[in-house]
Amino acid sequence: MALRPSLQDVLNALQAEGQLEPDAVDRARVALEAYQRQSVAVPWFVKAFAGVGAWLSAIFVLSFFACAGLWEEQVVMGVVGLGLCAGATMLRRTLRGVFVEQLALALCLAGAAMASASFGIETENENVAATLVLVISGVLLFVYPDAILRFLSTLGVVGAAGFLAWHVVGGFALDLLILGCAALMYFLFLEQARLRRGPTGELVGPVAFALACAIPGVLLARGMRDVARHLFDTASALPDAVLTLGLTALTLYTAWRVLRELALEPTGVAGAAVFAALTLVAVLTPHTPAVITAVGMLVLGFHRRSSVLLGLAVAYLLASGSWYYYDLGLTLLAKSLALMGSGLVFLGLRSFLLRRFPAPASEVR
């Protein structure tokens with residue numbers, strides 16, 4: 001099965017099922033042709049030059065503030081930063097165009113950084129700076145109409161919340177936040193179609209992909225003891241096996257939902273095989289929770305036919321698998337035998353599923 005069926009195949013299938021009117025295909029084709037003409041009206045290199053010019057313009061604006069000695073007045077710089085965020089948001093919501101979009105994005109990011117850093121320096125408190133990042137990112141997430149900034153704002157919210165959880169409460173609070181963010185990520189991808197029709201449908205994609213980037217990355221950093229010793233409070237953190245257990249439960253629930261949506265019985269042979277494979281992954285990697293998380297993202301990527309999510313899942317799976325191999329307290333021969341044995345198990349499982357549930361002869365192209 002191809003990752004993405006063509007739009008013509010989708011329209012033909014809907015029309016065959018009686019979900020579309022007879023003339024809906026022709027109207028859709030006309031609308032797509034109009035959209036294509038509009039989207040390719042400006043060559044890509046013109047858009048690139050406009051984007052570069054916008055970022056250079058933003059740099060010149062910031063250099064003017066620097067030459068005026070604004071960096072020495074922390075409170076004034078913070079107020080100007082908040083003003084830049086508000087002005088850039090109004091500019092982006094009012095005007096259209098590549099130059100305006102990139103200029104507003106650059107000014108908004110610069111304003112948010114100025115406000116957070118200046119008030120943090122003025123109060124000499126890291127928690128104040130993190131709180132400002134959390135508040136500003138949360139507000140921009142809902143008011144700034146741009147997918148890129150919503151993606152970055154989600155990263156800002158998660159990063160600031162994680163820092164506050166670790167710095168104020170302890171390592172176990174950060175682990176609980178990781179589990180909560182993972183649950184939110186799975187929920188957004190599983191309910192993507194329904195949520196996109198709601199009032200906050202434009203937030204679903206950026207937030208979900210930002211979480212898909214952040215969660216495995218934090219888990220990888222947490223698993224590297226030398227790095228985690230300087231970044232996280234490992235003494236008060238949850239045991240790795242407990243975190244892996246929670247992430248495994250989320251992955252098993254995701255697999256159960258996927259089987260239900262594919263009209264397969266979760267309690268049947270296919271469900272038992274899938275659950276056994278996922279449980280085996282968790283049992284083999286109890287101290288590397290990033291592995292089971294990457295596997296869960298891989299399941300979601302195939303189910304939602306998202307090449308971006310698949311790419312992220314494969315990259316994190318390779319990274320977490322490499323670290324798992326490096327972190328194993330075994331000899332090289334034992335490591336090789338463990339990897340070879342697990343590979344043979346999964347190849348055998350794949351062969352069993354293909355024989356038990358053969359793929360259809362016709363593929364969607």
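The model is a predicted one, so local features are kept at pLDDT of at least 70 and side-chain atom pairs at pLDDT 80 or more, while totals for chains, interfaces and linings use all residues. Residues are numbered from 1 along each chain as its sequence is written, and side-chain values rest on heavy atoms, with hydrogens and water left out.

On the overall fold, the chain has 16 helices and zero strands (DSSP runs numbered from the N terminus: H or I of at least four residues for helices, E of at least two for strands). Of the 365 residues, 37% are buried (under 20% relative accessible area; exposed is over 50%, and partly exposed is in between, with a 1.4 Å probe and protein chains only). Looking at contacts (heavy atoms within 4.5 Å) between residues at least 6 apart in sequence, 66% join residues at least 24 apart. The chain exposes about 20200 Å², and carbon and sulfur atoms supply 69% of that area (Shrake-Rupley method, 1.4 Å probe; for residues, only the protein chains shown count as cover).

Leaving aside residues up to four places away in sequence, D175 touches R222, A237, L238 and L243.

As for ring pairs, the structure holds three aromatic ones (Phe, Tyr and Trp rings, the six-membered one for Trp, with centres within 6.5 Å; planes under 30 degrees apart are stacked, over 60 edge-to-face, the rest tilted). F189 and F209 make an edge-to-face pair, 5.4 Å centre to centre with 90° between the planes. Because F189 sits in helix 8 and F209 in helix 10 (residues 201-223), the pair ties together parts 20 residues apart in sequence. F189 is itself buried, at 1% relative accessibility.

Out on the surface, L333, L337, M340, L344 and L347 form a nonpolar patch with about 550 Å² of accessible area together (patch residues have over 30% relative accessible area and no salt bridge; nonpolar side chains, namely Val, Leu, Ile, Met, Phe, Trp and Tyr, are joined within 5 Å, like charges within 9 Å; a salt bridge puts a Lys or Arg side-chain nitrogen within 4 Å of an Asp or Glu carboxyl oxygen). M340 belongs to helix 16 (residues 332-356).

Most residues other than glycine have a negative phi. E124, though, has a positive phi near 55°; this exposed residue, at 75% relative accessible area, is in the loop between helix 5 (98-123) and helix 6 (126-143). R305, also not a glycine, has a positive phi of about 55°. R305 falls in the loop between helix 14 (289-304) and helix 15 (307-327) and is partly exposed, at 21%.
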